[in-house]
Amino acid sequence: MKKDRAHFVAFVGVMFALIFVLFLLEGAVLSGLGMTACILSLPVAIALSIYDDWKKSFVGGTLLGLASCLFCLIFASLFIFYANPLICVLPRFFIGVTAYWTYFGLSKLFKKAKSVFVRESIPAAIAGVVGSLTNTVLYLLAVNIWAGDIMGSLTAIMNVAVSIFFPIELVACLVLVPIYVAVLKKINHTLINKPKPVLESSEKVTENDNLS
């Protein structure tokens, strides 16, 4: 149990580093526009939240928020306002929660489907869309609330919805989340929760004799 927990902690550390590097890359390319788009990092965060059980559903969004906070602190001259954890971390805590329960519900709905694509890929893709919507809506609400512009929140959401960044994030999550989920499930099975070898009958007898 302790070994499995250590593997999971190490895995989360690696995933945080990956999300931060992707966020750094996105920020380096788009920082001149005064904002960044989570085209690569957001799908990873959503996949990390839905590939396992509900107890870990908050992990991906939280890691994305922490990566965003660290990025904003590094480039404080441009993004210091967004380094507020109530803006960059708290809203993203819910990304994985909404995405996970969407994935869980659709997986139950399609569990009898013969096609693997329908049974696994479609729920993951739709969960990616829901996670992307959650990220955009809650993040913009937080920005406008802390900027003192509560009444302008809905207007800001609509503006982003018709802009270029939001559609790109949406498509990226739709396409990439199913791929990432499949990869993470394989990693989880082989490295984190590696099944213990089953003892043969003769080995069990020998083991019992040794104990007695």
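**Helices, rings and a serine**

Reply: Helix α7 covers residues 95–109, has 15 residues and reaches 21 Å from its first C-alpha to its last, close to the 21 Å expected at 1.5 Å a residue. Helices here are DSSP runs (H or I, at least four residues), numbered from the N terminus, and the expected span is 1.5 Å times one less than the number of residues. This is a predicted model, in which local features need pLDDT of at least 70 and side-chain atom pairs count only at pLDDT 80 or more, while totals for chains, interfaces and linings use all residues. Residues are numbered from 1 along each chain as its sequence is written, and side-chain values use heavy atoms, with hydrogens and water left out.

Me: How many residues apart in sequence are the parts tied together by F23 and F71?

Reply: Rings of Phe, Tyr and Trp (its six-membered ring) pair if their centres lie within 6.5 Å, and planes under 30 degrees apart count as stacked, over 60 as edge-to-face and the rest as tilted. The rings of F23 and F71 have centres 5.3 Å apart and planes at 70°, so the pair is edge-to-face, and both F23 and F71 are buried. Since F23 lies in helix α1 (residues 2–30) and F71 in helix α3 (residues 59–74), the parts that the pair ties together are apart in sequence by 48 residues.

Me: Which residue's backbone oxygen does the side chain of S49 reach?

Reply: S49 is found in helix α2 (residues 41–50) and is buried, with a relative accessible area of 1%. Contact means heavy atoms within 4.5 Å, and, not counting residues up to four places away in sequence, S49 touches several residues, including K56, G96 and Y100. At 3.0 Å, the backbone oxygen reached by the side chain of S49 is that of A45.

Note on methods
Helix = DSSP H or I, 4+ residues; strand = E, 2+ residues; numbered from the N terminus. Buried < 20%, exposed > 50% of the residue type's maximum accessible area, 1.4 Å probe, protein only. Polar contact = N/O pair within 3.5 Å; in protein donor to acceptor, adjacent residues only side chain to side chain.
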